[in-house]
Amino acid sequence: MAHRVRLGRSELQVSPICYGSWQLSPRCWGPVPTEQVAAAMRRAFEVGVNFYDTADAYGDGLSESVMGEALADLPRDQIVVATKVYHHFYEDGHRHPDLSGKYILEECDCSLRRLKMDYIDLYQLHAFDPLTPIEETTEVLEKLKQAGKIRCYGVSNFTVEQLRLARRCGDYATLQPRYNLLQRDIEDDLLPYCQAEDIGVLVYSSLAMGLLSGKYDGTESFDDHRAKVPMFQGERFKKITAAVKGLGPIAEKYSLTIPQLVLAATLAHPAVHCAIVGIKTPQQIEDAAGAMGKSIEREDYFAIRNALSL
Ligand SMILES: NC(=O)c1ccc[n+]([C@@H]2O[C@H](COP(=O)([O-])OP(=O)(O)OC[C@H]3O[C@@H](n4cnc5c(N)ncnc54)[C@H](OP(=O)(O)O)[C@@H]3O)[C@@H](O)[C@H]2O)c1
């Protein structure tokens with residue numbers, strides 16, 4: 001039986017594991033074979049994942065283009081595609097924030113073209129643009145909805161006050177924040193707000209950019225964007241990797257892999273509808289999909305949180 005949840009106040013029925021495709025940004029993740037990623041996208045559907053997250057800016061259009069090709073033969077009404085707008089990017093590589101009405105109208109069409117689709121299920125503002133009045137942005141999102149180009153819209157990386165402001169102008173149905181068992185700060189404000197307002201929450205970096213996968217031993221060095229992320233450096237990296245490996249016996253108790261255990265525990269929070277997992281290979285999405293429908297006993301859930309309170 002397919003695992004599906006209603007994404008908050010939206011009408012979208014999605015798998016609790018969402019396929020994340022930022023990994024198709026060579027400037028952040030280095031070269032990734034696009035064929036392998038396309039195969040992973042198709043494998044996702046076979047293993048019960050129907051929800052895909054991308055952004056216009058991932059690889060300056062590359063991620064959307066690869067996704068469009070990879071999903072072209074799947075039944076459109078059985079997949080849910082979320083993309084984002086915010087970074088106005090140019091051929092020479094420079095970019096700046098832009099949620100002006102004019103840019104969103106143009107860029108939505110570009111996303112549709114790259115995705116080879118006639119509508120986007122969930123259109124997200126990638127971050128807050130301090131320069132554009134949210135009224136202007138919302139008006140255009142409503143126009144796109146009425147034109148049938150998007151089914152619903154949401155935000156990412158907004159604070160609770162920014163989200164409250166946006167929701168005074170329109171029906172922002174979802175939030176995409178960073179959240180994982182090591183970085184739980186949004187439990188204090190954003191998650192309770194979303195719960196109270198029935199906002200769909202799809203969290204990103206649910207494996208802390210791979211750190212919660214249990215595959216590192218603290219000696220690795222990275223030549224992608226993780227080279228600059230403090231949790232992947234020195235003593236902190238060693239401490240976290242040891243704690244993650246220490247989750248092995250709990251994972252074994254449930255016959256889960258460590259990524260599955262971590263994802264199941266992340267999804268246990270009642271405000272979290274979906275965990276987006278950044279994927280490079282078919283094996284990674286097969287593994288992540290195995291977290292769907294798995295529950296963790298209270299005692300173990302808190303043992304995992306305690307182990308990762310570093
Ligand atoms: N809205 C935003 O601002 C924003 C920001 C970040 C991400 N996102 C979205 O959220 C998605 C996920 O976030 P993320 O990429 O930051 O991090 P993530 O999902 O926490 O980690 C991704 C990394 O985890 C590893 N991985 C994934 N599945 C695995 C498995 N089954 N076993 C072992 N390792 C596994 C891979 O590492 P290796 O590279 O070592 O193979 C992969 O690159 C992105 O793809 C994107 O769609 C959104």
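Two strands are said to pair if DSSP finds at least two bridges between them. The model used in these exercises is predicted.

**Exercise 1.** Find which residue of strand 4 is the bridge partner of Tyr19, and state the sense in which strand 3 and strand 4 pair.

*Solution.* Begin with strand 3, which covers residues 17-20, and strand 4, which covers residues 51-53; these two strands are joined over three bridges and pair in the parallel sense. Within this pairing, Tyr19 has Tyr52 of strand 4 as its bridge partner.

**Exercise 2.** Describe how helix 6 and helix 7 pack, giving the angle and the distance between their axes.

*Solution.* Helix 6 spans residues 160-169 and helix 7 spans residues 190-197; they pack at an angle of about 25°, and their axes are 10 Å apart. Angles under 35 degrees count as roughly parallel, and helix 6 and helix 7 are therefore roughly parallel to each other. Their crossing is right-handed. Helix 6 contributes Val160, Leu163, Arg164 and Arg167 to the contact, while helix 7 contributes Leu190, Tyr193, Cys194 and Glu197. Sorted by class, this contact of helix 6 with helix 7 has five nonpolar and three charged residues, and no polar ones.

Key
Residues are numbered from 1 along each chain as its sequence is written. This is a predicted model: local features need pLDDT of at least 70, side-chain atom pairs count only at pLDDT 80 or more; totals for chains, interfaces and linings use all residues. Side-chain values use heavy atoms; hydrogens and water are left out. Axes are lines fitted to C-alpha atoms, for helices over the stretch in contact, and angles run from 0 to 180 degrees between N-to-C directions. Helices (H or I, at least four residues) and strands (E, at least two) are DSSP runs, numbered from the N terminus. Angles under 35 degrees count as roughly parallel, over 145 as roughly antiparallel, 65 to 115 as roughly perpendicular and the rest as oblique. A crossing is left-handed if the near helix is turned anticlockwise from the far one by less than a right angle, and right-handed if clockwise. Contact means heavy atoms within 4.5 Å. Ala, Val, Leu, Ile, Met, Phe, Trp, Tyr, Cys and Pro count as nonpolar, Asp, Glu, Lys and Arg as charged, and the others, Gly among them, as polar.
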